[in-house]
Amino acid sequence: MTTAQAETGRTVTTDIPARLDRLPWSRWHWTIVIGLGTVWILDGLEVTVVGNIAGRLSEPGSGLPITSGEVTGMAAALYVAGACLGALFWGRLTDKWGRKKLFMITLAVYLGATALTAISFDTWWFFLFRFLTGFGIGGEYAAINSAIDELIPKEYRGRTDLMINGSFWLGAVFGSLLSVVALDTDIFAANVGWRLTFALGAVLALVILLVRRHVPESPRWLLIHGRDDEAERIVSSIERKIEEERGEPLPRAEGEITIHQRRSVSFIEIGRTVFSDYRRRAILGFSLFIGQAFLYNAITFGFGAILTTFFDVPSGNTGYYFAVIALGNFFGPLLLGKLFDTVGRRIMISGTYILSGLLLFGTAWLFDQGSLSAATMTACWCAVLFFASAGASSAYLTVSEVFPMETRAMSIAFFYAIGTAAGGISGPLLFAKLTESGVVSDTVLAFSIGATLMCLAGLVAALLAVKAERRSLEDIAKPLTAAGSGGGGGARG
């Protein structure tokens, strides 16, 4: 590494990004996946548990004066609003203060808020801490996806990101089954079981927080912010651990980058970079997030109502069906993830979006013909969501790797907020009324809207997706601080 003085700060020529990208997969990388990725299990647990305990909370003796509509309506909206605001608030600080500091703070916020939800004694208290729980989870998306992409080697970045984002659905499975046990009054009192579900979330968060202490700061972020000596120490330590594990020296890294170090980037520069210099990539990110948000809401917001209204499934049994489709969601990214690194981003992103949309069109047609039962409808949903989940996870992967380093967390936060707002605000307003009406044609319309937007997003990806597989982040989008970048990056889309 060589260093020189520049008028605006130090200029550093380094091979650290290349050294991180040439690392073979190791036990150290698994510690990153476990320390950072398991938080999505908590998010899935949170979302699923609240929907399943709504009925119990509204019953006399629950210890909380709240209605089922307030749990699934106001409390859910506040959680979504908190997640959107948290993503934007913490996303900016993640780019400014660093990945590690923020992924510790945001998890601590989640832990405290969900623990305090467990001791709710009045409606306003429950609402307040649902909002703050979402506020912490929203910040996790920006901090975690930024850190993962910057620490995982380029050969494995796509499959790792998809697997981690897909783990949300493991939490959904766990939440569905946990709610069945926790709400059984033969086991727990009516005012105790639902509190234990939130308390368990806090305990799991504490375990993750302890593991996460060993995850280092992103060396790429340290380089840009004038802490290149610290970045060198971290990367050298990682290399020593992997060499000891393999029993042989690592191959020499090839490639250097020159960085003009700076402490911060203004909002104006971030906005100009994302929406002007990288306009086509911004359109891509917007399309992917909106498409997946509406497809998921076309199914999940009416999930219980469809089963109970059209197939006479008892409301207490819908959790079992949800656990089945949640497994379909989990296995999609797990089994298809490697193809995003080998077949390529363009084919796999567009393919998963378009195929899931076409399968949902087929499901809508079969439903309209009266050809489905509760079991076969669930099987159809599993097929749709197997591909849709991989596509939805690739939306997070896309916006975390196609914009410059200095804007990464804020870009993730922005597009996440758009997708979450679309799913949590317009989704319920549109799809809940359609799927709960009891009219077959209304549910068919809901499915068709989600399928159409998913197919359109797939077509946008076919045109605009970036060839990011097995490429360094600095090659996909040159940092704003890189020599010769001109402030906008070298690989503009």
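Me: Buried means under 20% relative accessible area, exposed over 50%, partly exposed in between (1.4 Å probe, protein chains only). Is Y278 buried or exposed, and what about F403?

Reply: Both Y278 and F403 are buried. This is a predicted model: local features need pLDDT of at least 70, side-chain atom pairs count only at pLDDT 80 or more, and totals for chains, interfaces and linings use all residues. Residues are numbered from 1 along each chain as its sequence is written, and side-chain values use heavy atoms, with hydrogens and water left out.

Me: OK, rings. How many aromatic pairs does the structure hold?

Reply: It holds 30. Rings of Phe, Tyr and Trp (its six-membered ring) pair if their centres lie within 6.5 Å; planes under 30 degrees apart are stacked, over 60 edge-to-face, the rest tilted. Y278 and F403 are edge-to-face, because their centres are 6.1 Å apart and their planes at 75 degrees.

Me: Where do Y278 and F403 lie?

Reply: Y278 is in the loop between α12 (267-277) and α13 (279-300), F403 in the loop between α17 and α18 (408-436), so the pair ties together parts 125 residues apart in sequence. Helices are DSSP runs (H or I, at least four residues), numbered from the N terminus.

Me: What about F386 and F387?

Reply: They pair edge-to-face as well: 5.1 Å centre to centre, 85 degrees between the planes. F387 counts as partly exposed because its relative accessible area is 22%.

Me: Which residues do ring pairs link into a cluster?

Reply: Ten names here: W40, Y141, F275, Y278, F289, Y396, F403, F414, F415 and Y416.

Me: Now the core. Which residues touch the most other members of the largest one?

Reply: F311 and W381, out of 119 residues. Helix α17 (residues 374-401) gives the most, with 14 residues. A nonpolar core is a set of buried Ala, Val, Leu, Ile, Met, Phe, Trp, Tyr and Cys residues joined through side-chain atoms within 4.5 Å.

Me: What does F311 touch?

Reply: I306, F367, L372, S373, A374 and M377, leaving out residues up to four places away in sequence. Contact means heavy atoms within 4.5 Å. There is also a second, separate core of 16 residues, including L45 and F126.

Me: Switching to the surface. Which residues form the nonpolar patch?

Reply: W30, I34, V203, V207 and V211, with about 430 Å² of accessible area together. α2 (27-37) and α9 (193-212) each give two or more residues. V203 is in α9 and is partly exposed, at 47% relative accessible area.

Terms used: Patches are made of residues with over 30% relative accessible area and no salt bridge: like charges are joined within 9 Å, nonpolar side chains (Val, Leu, Ile, Met, Phe, Trp, Tyr) within 5 Å. Accessible areas come from the Shrake-Rupley method with a 1.4 Å probe; for residues, only the protein chains shown count as cover. A salt bridge is a side-chain nitrogen of Lys or Arg within 4 Å of a carboxyl oxygen of Asp or Glu.
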